[in-house]
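The sequence and the structure are shown first.

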Amino acid sequence: MFNNFLRTNKFAMWFLTIVRIYLGFEWMKAGWGKITGGFDAGGYLAGAIAKSTGDHPAVQGWWAAFLEHVALPGVDIFNILVPYGEFLVGLGLILGTFTTFAALMGLVMNAAFLFSGTVSTNAQMLLLEVLIVVAAANAGKIGLDYYVLPYLRGLFNHKKAVTKTEAPIGKPHLKVKHGA
């Protein structure tokens with residue numbers, strides 16, 4: 001019932017637009033700050049790995065192993081992916097373009113930050129992103145998705161229509177004579 005409300009209700013559409021723009025602004029601001037400020041994830045990753053030890057670790061051992069053996073050696077890739085990912089998620093949410101995908105990618109990043117022991121606003125943002133993902137297209141109706149999604153559906157539906165009307169390969173068309 002709540003899913004249906006989020007997916008179809010006009011009040012939900014307006015509420016989700018406000019949530020979407022708020023989240024988009026937060027993501028875009030964070031990404032832009034990292035793009036223009038010389039971001040280096042190495043210290044953050046090392047700090048998260050350090051939080052995985054002691055009596056009450058804030059970071060799970062399996063996540064720390066991922067950070068230590070994958071993320072830290074590939075820090076140069078993360079130094080590009082994180083700031084541009086944050087900026088693009090923000091842009092997508094503000095413009096309402098591929099809204100569900102943008103919210104899902106934001107959700108993935110917020111989960112990664114939470115796994116790394118950084119609470120901050122990540123838990124709040126993750127919950128709001130879940131609402132947008134559940135609402136699907138209704139979250140982007142007041143945005144460019146209003147135009148983009150029907151266009152894409154038309155492209156794919158047109159392909160299906162053409163495929164269905166084509167004659168099977170290797171079978172000749174038969175002409176039927178009437179009245180002879």
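## Buried face of helix 2

In helix 2, the residues Ala12, Met13, Leu16, Thr17, Val19, Arg20, Leu23, Gly24, Trp27, Met28 and Gly31 are buried (under 20% relative accessible area with a 1.4 Å probe, protein chains only). These buried residues pack against helix 1 (2-8), helix 5 (75-95), helix 6 (99-115) and helix 7 (122-135), where helices are DSSP runs of H or I with at least four residues, numbered from the N terminus.

The model is predicted, so that local features need pLDDT of at least 70 and side-chain atom pairs count only at pLDDT 80 or more, while totals for chains, interfaces and linings use all residues. Residues are numbered from 1 along each chain as its sequence is written, and side-chain values use heavy atoms, with hydrogens and water left out.

## Span and ends

Helix 2 covers residues 10-36, and its 27 residues reach 38 Å from the first C-alpha to the last, close to the 39 Å expected at 1.5 Å a residue (1.5 Å times one less than the number of residues). At the N-terminal end, asparagine 9 caps the helix through a side-chain oxygen that lies 2.6 Å from the backbone nitrogen of phenylalanine 11. Just after helix 2, glycine 38 takes a positive phi of about 70°.

## The largest nonpolar core

The largest nonpolar core has 18 residues, and those with the most contacts inside it are Leu16, Leu23, Trp27, Leu93 and Ile132; such a core is a set of buried Ala, Val, Leu, Ile, Met, Phe, Trp, Tyr and Cys residues joined through side-chain atoms within 4.5 Å. Helix 2 gives the largest share of this core, 5 residues.

Leaving aside neighbours within four places in sequence, leucine 93 is in contact (heavy atoms within 4.5 Å) with Arg20, Leu23, Gly24, Trp27, Thr99, Ala102, Ala103 and Ile132.

Terms used
Helix = DSSP H or I, 4+ residues; strand = E, 2+ residues; numbered from the N terminus. Buried < 20%, exposed > 50% of the residue type's maximum accessible area, 1.4 Å probe, protein only. Polar contact = N/O pair within 3.5 Å; in protein donor to acceptor, adjacent residues only side chain to side chain.
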